[in-house]
Amino acid sequence: MTEIGLKTKDEVLIPVRMLNEYRYCPRLAYMEFVDGEFVDNEHTVEGHRRHETVDVEKGKMPSPDELFGNMRARGVTLSSSEFRIISKLDIVDMGDDHVFPVEIKKGKGPEEGAWPADVVQIGAQIQILKDNGYECNEGYIYYSASNKKVKIEYNDDVLIELITAINGMQGIMNRELIPPPLRNSRKCEGCSLAVICLPDEINLLSERSDDEDIRCMYPARDDAHPLILQEQGSYLSKNGDMFTIKKRGQKIGEVRIFEISHVCLYGNAQISTQALSELLNRSIPVLYFSYGGWFKGYTYSLINKNVLLREKQFEVSRDMKRSLELSKEFIKGKIKNCRTMLRRNCNSECKAALNELGRSIKKIDRIKTMSSLLGVEGNAGRIYFGAFQKMMKNSLDQEFSFEGRNRRPPKTPVNALLSLSYSCLVKDLTVAALAIGLDPMEGFYHTSRYGRPALALDIMEEFRPIISDSVVITVINNEILSTEDFIFRGGACNLSSQGRKKFYAAYERRIGQKVKHPVFGYQVSYRRIMETQMRLVSRYLQGELERYIPFTTR
Ligand code: SF4
């Protein structure tokens, strides 16, 4: 085997489907096989549908010396110990003394022949059949969309392609750094993992490309939305593909499960075991809050992907130098966005605050310790909240006066709104961290401690002003809320159930709002931007990006 260049064999059997992915794009194979990422798009969903018939094991597959007449077997799983590969063959057609595999593809083939990645896949299947003692020198690829069957002869060229792919796969399985994205490739436009890979964005930020035309390869908005149960005594249960919400036995709502991004339960809102189990199956997080909006915890399926990423996360969180580098970017982003808020809402009245915040940003680059950074952040917070009242149009009204930040419990309506808004943001960033495979509890700026989603709090810094504070200013200035929406009890102030409902709607509108991305240039919702920033942190941790760039707006 060494004459044809197969490298030392790894213990792991490589699925032949991964060799196809590797030939298509090594980064795609890495994300699927090493990181365990998978996302369906219209191509993969259609592919699964077409495969449902051939994946079913059907028909006999006699041993090589028992072959007789024409036969067909479907869904046959075989492996090659020599090549360390394994495959579930769609179809194996048999004659008296030979066999040949048929691979079903849902798409169109090229004008002539087959796509190179498909040739590798069918070559691997032929090799597996040979290694199991069958006479096999050719195979077929059937392209459903063009109704075309292409014959592939197993010659030296195919063998070399196969060995190159196996060696390449073994190479990426043993490396920590993800292969770089393809450059300006049309392959990315049909790739289901483009939303995770961010090919053009990563190429731009890692200076592998100076192409300014960044393609947005994911929907600008999410189709799925959070399901928020804050009605006290409400109960969520599963009914087929739907979730039903009841209160005192009466149905008060219904939602299709696939439309849910995550579930939030406030106070004594409840959920059935069947509903919880369905959410776990679909990797949809359930988040729990106190009635007052304090984020208490979450239930999520086993985090079984991106093990190496979490190792890196813990490694960097223990590396003071790299943690400080990241933290400086979080705080720089936060202060820049605080300035943006003041400039947008009360430019002429807060020149002094704007100047002071500008000086704080400049100081950050020279900071050498975490405690100095905390000092700069604390001071910037005092300056910003000192000018906060000026952003409210009805700032002279007693009801929404703001004399400074207080919490646990908040004592005034503005503080109650800020606390609730920050809690919503922590929740969304916790969900984003879980989806990527990061540990939301392990941070770089915020120290990790029991029950504290430190990573979510870190990334939240740059979004506090432009999302949380912005929603608070909007609901006050647009008179979406009035004093009647607040409850005052024992010196504490909280929103009423009705007030919360209005607030959550305003918050969802804000994060669903599309903005032009300042670096990538495309239109995208704030929710997507939060996910993307979390991904950029992960790429920094994995060493793909030298620097994390916070999201800032002008
Ligand atoms: S988006 Fe492009 S670079 Fe990224 S994995 Fe897919 S094909 Fe490869």
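A cavity is a set of grid points where a 1.4 Å probe fits but cannot get out, and its lining residues are those with an atom within 4 Å of such a point. In the predicted model described here, the largest cavity is lined by 13 residues, and C25, L182, C188, C191 and C197 are those that lie nearest its centre. The volume of this largest cavity comes to about 80 Å³, and the structure as a whole holds 5 cavities of 30 Å³ or more.

The domain assignment of the protein divides the chain into domain 1, which covers 2–173, domain 2, which covers 225–299, and domain 3, which covers 307–541. Of the residues named above as nearest the centre of the largest cavity, C25 has a number that falls within the bounds of domain 1.

The relation between domain 1 and domain 3 was then examined. Their C-alpha centres lie 50 Å apart, and the contact between them involves 5 residues of domain 1 and 4 residues of domain 3. The size of an interface is often given as the accessible area lost when the parts come together. For domain 1 and domain 3 the buried area is about 310 Å², of which 31% is given by carbon and sulfur atoms. On the side of domain 1, the residues that lose the most area to domain 3 are R27, D35 and E37, which together account for 65% of what that side buries.

Between domain 1 and domain 3 the count of salt bridges is 0, and 0 residue pairs are found in polar contact across their interface, where both residues must be at pLDDT 80 or more.

Technical notes: Residues are numbered from 1 along each chain as its sequence is written. This is a predicted model: local features need pLDDT of at least 70, side-chain atom pairs count only at pLDDT 80 or more; totals for chains, interfaces and linings use all residues. Side-chain values use heavy atoms; hydrogens and water are left out. Domain bounds come from an automatic or database domain assignment. Contact means heavy atoms within 4.5 Å. Buried area is the accessible area (1.4 Å probe) that two parts lose on being put together, summed over both. A salt bridge is a side-chain nitrogen of Lys or Arg within 4 Å of a carboxyl oxygen of Asp or Glu. A polar contact is a pair of N or O atoms within 3.5 Å; within protein, one must be able to donate a hydrogen and the other to accept it, and residues adjacent in sequence count only if both atoms are side-chain atoms. On a 1 Å grid over the protein atoms alone, a cavity is a set of points where a 1.4 Å probe fits but cannot get out, and a pocket is an open set with protein on both sides within 12 Å along at least five of seven lines; lining residues have an atom within 4 Å of a point. Grid points are joined across faces, edges and corners, and a volume is the space filled by probe spheres set on the points.
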